[in-house]
Amino acid sequence: MLYSEKVMDHFKNPRNVGEMPDADGIGEVGNAKCGDIMRMYIKVKNGIITDVKFMTFGCGSAIATSSMATELIKGKPIEKALEITNQAVVEALDGLPAYKLHCSVLAEEAIKAAIKDYFEKHHIKYDEKTYAKGNCACLIEHEHAQEQKVKAEAKKSAKKVLSKPASAKTKAATTASKTNKVAKKSSTKKAKTTKK
Ligand code: FES
């Protein structure tokens, strides 16, 4: 089977779905490529995540990974929740197909975004490097794809420029043959006029 039983279970019966009006931290993340959006809410007491909820607009794997991520951080101290990686979410789900791994990255990002929001709202100092742009594999993958796109476009336009002289040559040759034809015609005309 393409998806493990656990993935199917969390997809069909997602845990901790819903909103949390009195959340201490809310993290919303999205994937620019597929357009999926994940929002995570956390309730924190004495440094422990006492409750967590999520809302995901996305694929089945995004729903399953969000659900599993909430289960993994519920009842955990914030420092432990920050240690949860997308691989940990994938392992807890007994794996995901390679092309769906980015969905688990979204879950890791959502946890971090919710905790960051909690820190900011409660004026708690945190290490900015943990949330640095480009830290997440998903963004790196996206930026790499963008880079490749720019390179491919540059290559394409370079090819166009290189092929210009050739077409210019063809144009010149066509103009030359046209000029020859006109010259020939006028000389024939001249000859005819002389005969008369
Ligand atoms: Fe976008 Fe799954 S396809 S998160």
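Helices here are DSSP runs of at least four residues, numbered from the N terminus. Keep in mind that everything in these close-ups comes from a predicted model.

**Close-up A. Aspartate 94 sits in a loop between two helices.** On one side of this loop is helix H4 (86–92), and on the other is helix H5 (101–121). Take a look at the backbone here: phi of aspartate 94 is near 60°, a positive value, and this residue isn't a glycine. Is aspartate 94 buried or exposed? It counts as exposed, because it has 11 C-beta neighbours inside 10 Å and the cut-off for exposed is 12 or fewer.

**Close-up B. Histidine 123 belongs to the loop between H5 and helix H6 (137–195).** Histidine 123 isn't a glycine either, yet its phi is positive, at about 50°. Count the other C-beta atoms within 10 Å of histidine 123 and you get 6, so this residue is exposed.

**Close-up C. Helix H2 (residues 60–73) packs against H5.** As for handedness, the crossing of H2 and H5 is right-handed.

**Close-up D. Here's who meets whom where H2 and H5 touch.** H2 brings Ser61, Ala62, Thr65, Ser66, Ala69 and Ile73. From H5 come Cys103, Ser104, Leu106, Ala107, Ala110 and Ile111.

Technical notes
Residues are numbered from 1 along each chain as its sequence is written. This is a predicted model: local features need pLDDT of at least 70, side-chain atom pairs count only at pLDDT 80 or more; totals for chains, interfaces and linings use all residues. A residue is buried if 20 or more other C-beta atoms lie within 10 Å of its own, exposed if 12 or fewer, and partly exposed in between; C-beta atoms are placed from the backbone. Axes are lines fitted to C-alpha atoms, for helices over the stretch in contact, and angles run from 0 to 180 degrees between N-to-C directions. A crossing is left-handed if the near helix is turned anticlockwise from the far one by less than a right angle, and right-handed if clockwise. Two residues are in contact if their C-beta atoms, placed from the backbone, lie within 7 Å.
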